[in-house]
Amino acid sequence: MSLVTVNIDDKSYEAKENSLLIDLLILHDIKVPYFCYHESLGADGNCRMCMVEIEGKKRPQIACDTFVSDGMSIQTASEKISSVRKRILELELINHPVDCPICDQAGECKLQDYYMDFGLYDSNIDMKEKVHNKKHIALGSSVILDRERCVLCTRCVRFTSNITKSGELGVINRGDKACISTVPGMKLDNPYAMNVVDLCPVGALTSKEFRFAQRVWFLKSTPSICHGCSTGCNIFIDHNQEKYKEDKIYRIRPRKNREVNGDFICDYGRLSYKNLQENRQQELLNKSNVISYEDALLELNSKISGSKNIVILVDANLYNEDIAAISNFSQKIGAKLVCPTECYFDDSFGDDWLKSDYKCANLQAIKNYKIDSLFSSDQQIDLLINFNHPSFSKFSSKQSVEFSTHKGSSAELVLAIPAYSEYSGTTINDANIEQYSQKAITTDVATISEYLSDLSKVAL
Ligand code: SF4
Ligand code: SF4
Ligand code: FES
């Protein structure tokens, strides 16, 4: 495709011939309001917010349905365009309940932003004259629809018809009775259903899990990688530490990465933050008694020195940096390092889109380090050291040590370690892409690398 030159607000820009004008405006951060257009869903042309002036055209045109051509001259901020946008926004808001103070979308709502950018008119309609509608409709087990807030952009409908192809949603009725509905006999319960909450530009679709839980302006967003399966979808972990309380994760959202997950994630990954916070191991235990960090290292050291046949289990969810440290450690103490992988395999989970059959984040690192994935030992294991592998209880040994994120270990020596959201590191997904997760939540618990480095200071 050849390049063309387009003039926007008296500045020249290069673009691919016949590409969409709205993409060019978004790419160069040129302010253009839009509700219905979405890069992953394409243009629908129903909201009419993205109006621009094009030289040679009598009337304003929508940027989401305009293809660029050489020499095109565009105005995005003229008086005429500002007035058109203001009137269209007024139409969008005519029956809107304006219940921003109790709306979960407040702070990240396109209607609010555009009203401040382009609206600022006095309403011509009295609150009593507005057409009211149902405010709490469960579309499925995880998404609630507030029909009064909907601007009928149809992003949610197009997600179910074009992306998941499950077709649960549609627009019913006409005129000011038009509204979003589930198709009779269907519920919005597909494995990717909650993406419609992110797609909705206003507060019409909210997540049951996040409703009224937290104001978005209090949340800190940390870029990370989902550990739900080996696809490694890019995510934001949204968390907040309220006064006198622990830092807490309130939601996981997709983070755009065209090479991995596009704009979306699955609901399983989205809701996986709950497991990161429940039933967590925080203490160091020796035969169920709480011990200090120093005593734990001495006990571990004595168990290693007194054992001959040592087996180390490593979890395929750990970061590359941990796996490297564990691999060095196992060589140093002459242990057999294994990662049985059949426990991660679940072909009822995987699909032909994002979800993979392997429910672990770093299987590729296990392969790269040539760690045995099948293990059977006819010899008695003297000491089993488990680095959070889920199959620990299937092995028997004379003595056992477990580095664990969650409570419930049956090992004699239990050493608490942080979950992936609590420290930084890299994983390699099933397309062999190395990705970085940033620490979101602060914890006092030592990382595996810290344990092993401090252990090396204790005489082995
Ligand atoms: S519910 Fe949200 S995404 Fe769906 S049509 Fe209404 S405004 Fe658009
Ligand atoms: S597809 Fe896998 S990596 Fe992506 S969000 Fe779901 S569980 Fe997480
Ligand atoms: S974004 Fe162009 S008409 Fe809605």
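**Entry 1: domains.** I looked up the domain assignment of the protein chain, which gives domain 1 (3-92), domain 2 (100-207) and domain 3 (285-457); such bounds come from an automatic or database domain assignment. I noted that the centres of domain 1 and domain 3, taken over C-alpha atoms, are separated by 53 Å.

**Entry 2: conventions.** I recorded that this is a predicted model, in which local features need pLDDT of at least 70, side-chain atom pairs count only at pLDDT 80 or more, and totals for chains, interfaces and linings use all residues. Residues are numbered from 1 along each chain as its sequence is written, while chains are lettered from A and ligands numbered from 1 in the order in which they are written.

**Entry 3: α2 and α3.** I turned to helix α2 (residues 79-92) and helix α3 (residues 110-119), which pack at an angle of about 140° with their axes 9 Å apart. Helices are DSSP runs (H or I, at least four residues), numbered from the N terminus. Axes are lines fitted to C-alpha atoms over the stretch in contact, and angles run from 0 to 180 degrees between N-to-C directions. I listed Ser82, Arg85, Lys86 and Leu89 of α2 as meeting Tyr114, Tyr115, Phe118 and Gly119 of α3, contact being C-beta atoms, placed from the backbone, within 7 Å.

**Entry 4: α9 and α11.** I found helix α9 (residues 320-333) packed against helix α11 (residues 448-457) at about 30°, with their axes 9 Å apart. That makes α9 roughly parallel to α11. The α9 and α11 crossing is left-handed. On α9 the contact uses Glu321, Asp322, Ala325, Ile326 and Phe329, and on α11 Ile448, Ser449 and Leu452.

**Entry 5: ligands.** Which residues come nearest to ligand 1? I read Cys150, Cys153, Cys156, Cys200 and Ala204, out of 13 residues around ligand 1 (C-beta atom, placed from the backbone, within 6 Å). For ligand 2, also with 13 residues around it, Cys226, Gly228, Cys229, Cys233 and Gly269 come nearest.

Methods:
Helix = DSSP H or I, 4+ residues; strand = E, 2+ residues; numbered from the N terminus. Contact = placed C-beta atoms within 7 Å. Parallel < 35°, antiparallel > 145°, perpendicular 65-115°, else oblique. Left-handed = near helix turned anticlockwise from the far one by under 90°.
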